[in-house]
Amino acid sequence: MVTPGDAMMLEIVKCKCSNCGHNFAAPSLGDGAYGEFLLRSGSGLIAYLNVFEDSTFKDVDDLLAINPKTLALPAIERARVLRKIYGGRV
Ligand SMILES: [Zn+2]
């Protein structure tokens, strides 16, 4: 868990854009990060998300459970949609 003011350990990883194939370096939380994500905007801004502390993650999960397009999906598929909304790999 990271609280404001704490130092965050990041590693720099090599990435390949899935749209155009160009290579670039980007920060990563590493393989041990569970429930933590680095969200990237199209303009390059990066934000940290801890799903156990951020209420929007649970709110969006609840909305997917009642949305007519996603409520019939198996739980693992809904979880995949949720991760994709937050920019995670699916
Ligand atoms: Zn690209």
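Among contacts in the protein between residues at least 6 apart in sequence, what percentage join residues at least 24 apart? The share is 20%, where two residues are in contact if their C-beta atoms, placed from the backbone, lie within 7 Å.

This is a predicted model, in which local features need pLDDT of at least 70 and side-chain atom pairs count only at pLDDT 80 or more, while totals for chains, interfaces and linings use all residues. Residues are numbered from 1 along each chain as its sequence is written.

**The whole protein.** The protein has 2 helices and 4 strands, and along the sequence they follow the pattern β-β-β-β-α-α. Helices (H or I, at least four residues) and strands (E, at least two) are DSSP runs, numbered from the N terminus. Along the principal axes, the C-alpha atoms fill a box of roughly 40 × 35 × 25 Å. Of the 90 residues, 0% are buried; a residue is buried if 20 or more other C-beta atoms lie within 10 Å of its own, exposed if 12 or fewer, and partly exposed in between, with C-beta atoms placed from the backbone.

**Lys16.** Select Lys16, which lies in strand S1 (residues 11-16). Lys16 counts as exposed because it has 9 C-beta neighbours inside 10 Å. Leaving aside neighbours within four places in sequence, Lys16 is in contact with Gly21 and Asn23. Ala26 is 10 residues from Lys16 in sequence, and their C-alpha atoms are 9.9 Å apart.

**Leu45.** With 8 other C-beta atoms within 10 Å, Leu45 is exposed. Pro27 is 18 residues from Leu45 in sequence and 12 Å away in space, C-alpha to C-alpha.

**Helix H1.** Now select residues 55-66, the 12 residues of helix H1. The number buried in H1 is 0, so this helix lies largely in the open.

**H1 against H2.** Finally, show the side chains of Val60, Asp61, Leu64 and Ala65 in H1, which meet Arg78, Val81, Leu82 and Ile85 in H2. The residues of this contact divide into 6 nonpolar, no polar and 2 charged; Ala, Val, Leu, Ile, Met, Phe, Trp, Tyr, Cys and Pro count as nonpolar, Asp, Glu, Lys and Arg as charged, and the others, Gly among them, as polar.

How values were computed
Expected span 1.5 Å × (residues − 1).
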